[in-house]
Amino acid sequence: MNVTRQYDALVVGGGLAGLTSALGMAKMGLKVLVLEKGNLPRHKVCGEYISAEVLPFLKSLDVDFESLNPARINKLVLSAPSGQALQANLDQESLGLSRWAMDYYLAQKAEAAGVRVALQEPYLDFELEKEGYVVRSKKATYRANWLIMAYGKLGQPDRQLNRSFLRKGTLYSGIKWHLEADWPRDLVALHNFKGGYAGVSQTETGLVNLCYLVRTATVKKAGGVEALEQNVLSQNPHLEQLLEKSRKVWEKPVAISGVRFSARGAITQGLPMLGDSAGLIAPLSGNGMALAIRSARLWLEALRSVEAKPQLRKAALSHYQSAWNAQIQGRLRFGKTMQGLFGGTMLTELALGTAAVFPPVTQQLIKQSHGKPLAPFT
Ligand SMILES: Cc1cc2nc3c(=O)[nH]c(=O)nc-3n(C[C@H](O)[C@H](O)[C@H](O)COP(=O)(O)OP(=O)(O)OC[C@H]3O[C@@H](n4cnc5c(N)ncnc54)[C@H](O)[C@@H]3O)c2cc1C
């Protein structure tokens, strides 16, 4: 095989998990390549509301999201499809920051630390040989001691690795707009509607992110996005008002389909899976981004525990698996419960009713969806 270059570590996916782990590995002295199938910067489907729990860890990698002028969010409004709403203060501040800015900034930091970020270069497949992994992309073939998967919620690698979650669970679509709208900078709203829910908050640019997750069947039944927004989302008076009184800055939304919340796993075919590749948390319970970054930290710890010696690969994987089970799996399960609770109209009304009557329930909901601050990696 004609191998182009040799790396210590090769990361598939230049999103939050992939770039953070690549940056951390470079800081550990490894020669790292990231294969990213798309371009950067670019817009991605995401509510762009990131829990501040990740900040201390990121700062230890010389990444300071606060320098990007994010919105600082400390208030939450939750509404049911009927418009019935409750408000709460968030114990922990979160940031409103676009993926356009965040992912690009991380890629620049990774490159400054010596990582090669190869854009528009999709990963194809790998083989494990005695000397390490041989990895094929659309453009070249590489050799690496470590292969890390961080390709997000859905990708060609899922099919290539024949992952069973592809055959399970309800299908969802994600749709995102940036809006010019009058919206408080410190507020995030979660507005439910029949078949889905929408998050609303400001980004660093002052534009407002409207991002919703909806059953794909609901979009089809409505007859497309425009009809869905007019006839389904707008049944919630908060969303109706927002859509009426704002201006969409793009002609078309950023959209994805084929989203599933079925269980995946931290290791597949002997490869560490980071971020959404290991498991996708329901956006309602927040913080897929924080979990992606957390998983990168867990991987760095696992690697450090074996001093990045490839002959100790099995020990590193086992370390990562246990840490992931302890720190991430529970939050994914909580997300699944919330998804069930808020997916249906009746349940949302009921859950909101309960939360309004019992404030501790609301506080529990907020607490469960934000993790403890992530310690610096030194
Ligand atoms: C509707 C919706 C709203 C959300 N809102 C929020 C929110 O407000 N707050 C929050 O914290 N989380 C939110 N999330 C979750 C969050 O977006 C994800 O958890 C987070 O992006 C995961 O990061 P990641 O690095 O695992 O994946 P990604 O950021 O998706 O990165 C994966 C990268 O891999 C690349 N890739 C894929 N296939 C290949 C390949 N074959 N070769 C090379 N590269 C490849 C992709 O192009 C992508 O850049 C939301 C999710 C959805 C669906």
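Here is a friendly set of notes on this predicted model, point by point.

1. Let's start with the ligand. The shell around the ligand is made of 33 residues, and the closest of these are Glu-36, Gly-47, Tyr-49, Arg-99 and Asp-276. Sorted by class, the shell holds 16 nonpolar, nine polar and eight charged residues.

2. At Ala-17, a polar backbone atom sits 2.9 Å from an oxygen atom of the ligand. At Lys-37, a backbone N or O atom is 3.1 Å from a ligand nitrogen atom. At Tyr-123, a polar backbone atom is 2.9 Å from a nitrogen atom of the ligand. As for cover, the ligand on its own has 1000 Å² of accessible area, and the protein covers 95% of it.

3. **Helices in the shell.** Which helices supply at least two residues each to the shell around the ligand? They are α1 (16-27), α4 (156-160) and α8 (288-305). Of the contributions to this shell, that of α8 is the most, at three residues.

4. **Gly-47, one of the closest residues.** Gly-47 is among the residues closest to the ligand, and its place in the chain is the loop between β2 (32-35) and β3 (49-51). Beyond its neighbours within four places in sequence, Gly-47 is in contact with Ser-201, Asn-209 and Cys-211. For a sense of distance, Lys-221 is 174 residues from Gly-47 in sequence, and the two C-alpha atoms are 24 Å apart.

5. **A cis peptide bond.** The loop between β2 and β3 also contains Pro-41. The peptide bond leading from Leu-40 into Pro-41 is cis, with omega near -5°. As background, most peptide bonds are trans.

6. **The cysteines.** How many disulfides does the model have? The count is zero. Cys-46 is in no disulfide, and the nearest cysteine sulfur to it, in Cys-211, is 6.5 Å away.

7. **Asp-158 in α4.** Asp-158 is located in helix α4, one of the helices that supply at least two residues to the ligand shell. Its relative accessibility is 0%, so Asp-158 counts as buried. The side chain of Asp-158 makes a polar contact of 2.5 Å with the side chain of Tyr-151. Setting aside residues up to four places away in sequence, Asp-158 touches Tyr-151, Lys-153, Arg-163, Phe-165 and Leu-166.

8. Is Glu-229 buried or exposed? Its relative accessible area is 5%, so Glu-229 is buried. Which side chains does the Glu-229 side chain meet in polar contacts? One is that of Trp-177, at 2.7 Å, and another is that of Lys-248, at 2.6 Å. Apart from residues up to four places away in sequence, the residues that Glu-229 touches are Ile-175, Trp-177, Tyr-212, Ser-234, Leu-243 and Lys-248.

9. **Two residues with positive phi.** Most residues other than glycine have a negative phi. Gln-269 is not a glycine, yet its phi is positive, near 45°. Gln-269 lies in the loop between β16 (267-268) and β17 (271-272), and at 52% relative accessibility it counts as exposed. Glu-307, also not a glycine, has a positive phi of about 50°. Glu-307 is in the loop between α8 and α9 (313-343), and its relative accessible area of 58% makes it exposed.

Key
Residues numbered from 1 in each chain as written. Predicted model: local features only at pLDDT ≥ 70, side-chain atom pairs only at ≥ 80, totals over all residues. Heavy atoms only, no water. Disulfide = S-S within 2.5 Å. Near = heavy atom within 4 Å. Polar contact = N/O pair within 3.5 Å; in protein donor to acceptor, adjacent residues only side chain to side chain. Areas by Shrake-Rupley, 256 points an atom, 1.4 Å probe, with all protein chains shown as cover. Helix = DSSP H or I, 4+ residues; strand = E, 2+ residues; numbered from the N terminus. Nonpolar A, V, L, I, M, F, W, Y, C, P; charged D, E, K, R; others polar. Buried < 20%, exposed > 50% of the residue type's maximum accessible area, 1.4 Å probe, protein only. Contact = heavy atoms within 4.5 Å.
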